[in-house]
Every structure is written in C-alpha cells, then in structure tokens.
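Visitor: I'd like to learn how to read a structure like this one feature by feature. Where do we begin?

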Amino acid sequence: MPLDQRGDSAHSDDMTGQQDDFSHLDRAGRAMATIARNPRVTVNVVIGACILLAWLFLAAMAIRGAEGRIAGVGGPGDTILRNLPRLPLPDFLERFFVLCLSPVPLDASPGLQTGALVLMWFLMAIATMLPSAAPMIRTYCEIADTARIKGEPVVHPLVLVAGYLSVWLAASVMFAALTLATHAFGSPGEMLDPVVGIAGALALLIAGLYQFSGLKEACLTKCKNPFSILFSNWSARPLSIFRLGVAQGLWCLGCCWALMLVMFAVGVMNVFWMALIGLFTLIEKQTASRVPTRLAGAILLVWAAALLVVSL
C-alpha cells in the first residue's frame with residue numbers, strides 16, 4: 001500500500017505555496033478556499049454544530065417535560081429546568097416534543113409518533129456518542145492529510161461520519177420500539193409503578209452485567225485503537241469509507257448500547273443523566289484502565305438490586 005504513516009511537512013508547505021495561492025481572492029473567498037482545501041475544518045464545524053444543536057433540542061424538550069410533570073415526581077434537576085426561561089418555539093417543534101414526551105397514544109398516527117421517538121433517540125445518540133467518536137474521526141483526518149500530501153485521492157471524512165451515524169440511526173429505531181413497549185405496559189409518569197420499576201431494574205441489571213462481559217471489552221478495545229483499523233482498511237472509494245464508518249459505529253454500539261438502557265431507569269429525557277453517560281463514555285474510551293468500566297458495572301448492579309427491592 002503506497003500510504004505510510006509519515007508526513008513530510010516541507011513537502012506540504014511546497015504544495016501549499018504552489019497550488020493553494022488564494023491571495024487574489026477577497027477575505028471571504030480566502031476563508032472558503034481554506035475550508036475547501038482542508039476537510040478537517042469542515043468536519044470540526046459540522047460535528048460541533050450537530051452536537052450543539054442536538055443538546056439544544058434535547059434541553060428544550062427536557063424543559064417542556066419538566067413543566068408537564070408534577071413537582072417531586074420527575075427526575076433530578078426538574079426544579080432547575082422549570083425555573084429556566086421558556087423560549088418561544090415553532091409549532092412543529094412543540095408538536096414534536098409532545099409526540100416524544102406523551103406516554104399514551106395521541107390522535108396522531110402511530111407511524112408519526114414512532115418517527116418522532118426515533119428522531120429523539122437519534123438526537124440523544126448524537127449528543128452523547130458523537131463526542132466520544134471524535135478521536136476516531138481525528139485519526140482518520142490525520143491519515144487523510146498524509147495521503148493528501150503524497151498526492152493520493154482521499155474520501156471526505158464526512159463520509160466516514162455518515163457511516164458511523166447510520167449505525168446509531170438503526171439503533172434508534174430499536175430504542176424507540178422499546179420506548180413504545182414501556183409506554184404500553186406501564187405508566188412512565190408514576191415513579192412507584194411496579195412495572196416501570198421492574199423494567200428499570202432489568203435495564204440496569206443488563207447494563208451492569210454487560211460492563212463485565214468479554215464482548216464489551218472487545219468492542220471497547222476496538223474503540224480505543226482506531227488507527228490500526230482505519231490504516232489497514234484505507235481506501236479511496238467512498239463506499240468503502242462509508243462501510244468503514246459503519247464498522248466503527250458497530251464497535252461503538254457494541255461498547256455503549258447497554259449504557260443507553262440506563263435512560264429507561266432514570267427517565268428517557270433526563271438531560272443530566274444523558275450528560276453523565278456521554279461524559280463517562282468519553283472517559284471510558286480514553287482511559288487504558290478497566291477500572292471505570294468495572295466500577296460503573298458494580299454501581300449499576302447495586303442500583304438494579306435496590307430498585308427491584310423497592311418495586312416488589
């Protein structure tokens with residue numbers, strides 16, 4: 001394979017001076033040209049905007065959910081959320097929030113409510129999981145820069161990101177189905193509902209046990225070492241890079257799917273737990289030690305047992 005791990009900075013400077021002279025353009029033109037020649041800038045802007053917008057949507061939805069719950073019934077932070085200023089939102093967003101937050105069937109078609117739940121879970125995946133994929137995306141950009149310096153064709157990093165997110169979109173369909181099943185058999189608005197308590201304990205039990213499994217360890221190892229996978233599977237074909245993104249997404253899903261089940265125990269729209277899961281996922285993928293994984297598993301198992309005792 002002609003691509004290696006070395007980059008010649010002097011050669012890069014020569015190429016920049018000879019081929020990327022934008023001095024004849026105005027300021028806006030030079031800025032756009034710089035972005036066009038450096039996909040990493042585009043990737044950082046797009047990913048940062050997606051994460052920020054996802055958190056804004058979820059925060060606004062959480063505020064609406066807190067306003068609709070009785071004081072003392074919701075999760076931690078409801079008091080803070082209720083005291084935040086209520087921003088005017090477009091009607092379609094208000095309708096979307098109602099479809100996601102309502103535990104009972106509405107006059108809307110089942111397909112519309114299911115679609116809203118899929119989008120909600122996908123936004124949660126973008127907000128909590130995409131930040132932990134940043135090292136993998138950065139690694140791809142570094143390899144792509146080396147290939148570009150050598151004059152080799154490079155597939156835009158956003159193709160890799162699209163493949164990664166397609167896996168979480170498919171997973172969002174499954175999580176939406178679980179949400180509908182929970183709504184059908186329990187009363188999510190009642191904390192002491194036995195069905196909800198048992199379902200939450202089961203979710204915590206699965207999540208806790210999975211933290212100690214060999215599959216979890218294998219997937220986490222792949223997530224921690226993206227360079228070897230990206231380098232050995234390098235390609236100049238967009239479809240191959242998309243598939244590479246899908247493979248990385250599958251490793252990430254295998255690492256984190258059980259943690260997403262925790263949301264069924266704490267409340268699907270609990271933004272505080274969303275942030276905690278996102279932060280833990282980022283730390284877990286960046287830490288060589290197994291201690292955070294095992295510690296989280298032990299906490300989840302103790303929590304599951306306590307919730308089961310309270311619910312029975």
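Guide: Let's begin with contacts: two residues are in contact when heavy atoms lie within 4.5 Å. This is a predicted model, and among its contacts between residues at least 6 apart in sequence, 76% join residues at least 24 apart.

Visitor: What does the protein's secondary structure consist of, and how many helices are there?

Guide: Read the elements from the N terminus on and you get α-α-α-α-α-α-α-α-α-α-α-α-α-α. That's 14 helices and zero strands.

Visitor: Which residues does UniProt list as "transmembrane region"?

Guide: The unreviewed UniProt entry lists residues 41-63, 116-137, 158-182, 194-213, 257-283 and 295-311. Such annotations may be inferred rather than shown by experiment, so hold each span up against the model. Residues 158-182 are 100% helix and 0% strand, with end C-alpha atoms 35 Å apart. For residues 116-137 the figures are 82% helix and 0% strand, and the end C-alpha atoms lie 28 Å apart.

Visitor: How should I read burial, and is threonine 128 buried or exposed?

Guide: Buried means under 20% relative accessible area, and exposed means over 50%. Threonine 128 has 2% relative accessibility, so the residue counts as buried. Threonine 128 sits in helix H6, residues 110-129. Leaving out residues up to four places away in sequence, threonine 128 touches Trp55, Met260, Met274 and Gly278. Across the protein, 41% of the 312 residues count as buried.

Visitor: And the nonpolar core: which residues have the most contacts inside the largest one?

Guide: In soluble globular proteins, nonpolar side chains tend to be buried together. Here the largest nonpolar core has 77 residues, and those with the most contacts inside it are Met120, Trp121, Leu130, Ile137, Tyr164 and Trp168. Helix H12 (residues 238-266) gives the most to this core, with 14 residues. Look at Ile137 up close: beyond residues up to four places away in sequence, isoleucine 137 touches Val43, Ile47, Leu130 and Val161.

Visitor: What about the outside? Which residues form a nonpolar patch on the surface?

Guide: A residue needs over 30% relative accessible area to join a patch. Leucine 205 has 36%, so this residue is partly exposed and passes that cut-off. Leucine 205 lies in helix H9, residues 194-210. Together with Leu202, Ile206 and Leu209, Leu205 forms a nonpolar surface patch with about 330 Å² of accessible area.

Conventions. Residues numbered from 1 in each chain as written. Predicted model: local features only at pLDDT ≥ 70, side-chain atom pairs only at ≥ 80, totals over all residues. Heavy atoms only, no water. Patch = residues over 30% accessible without salt bridge, like charges linked within 9 Å, V, L, I, M, F, W, Y side chains within 5 Å. Areas by Shrake-Rupley, 256 points an atom, 1.4 Å probe, with all protein chains shown as cover. Salt bridge = Lys/Arg side-chain N within 4 Å of Asp/Glu carboxyl O. Helix = DSSP H or I, 4+ residues; strand = E, 2+ residues; numbered from the N terminus. Buried < 20%, exposed > 50% of the residue type's maximum accessible area, 1.4 Å probe, protein only. Core = buried A, V, L, I, M, F, W, Y, C linked by side-chain atoms within 4.5 Å.
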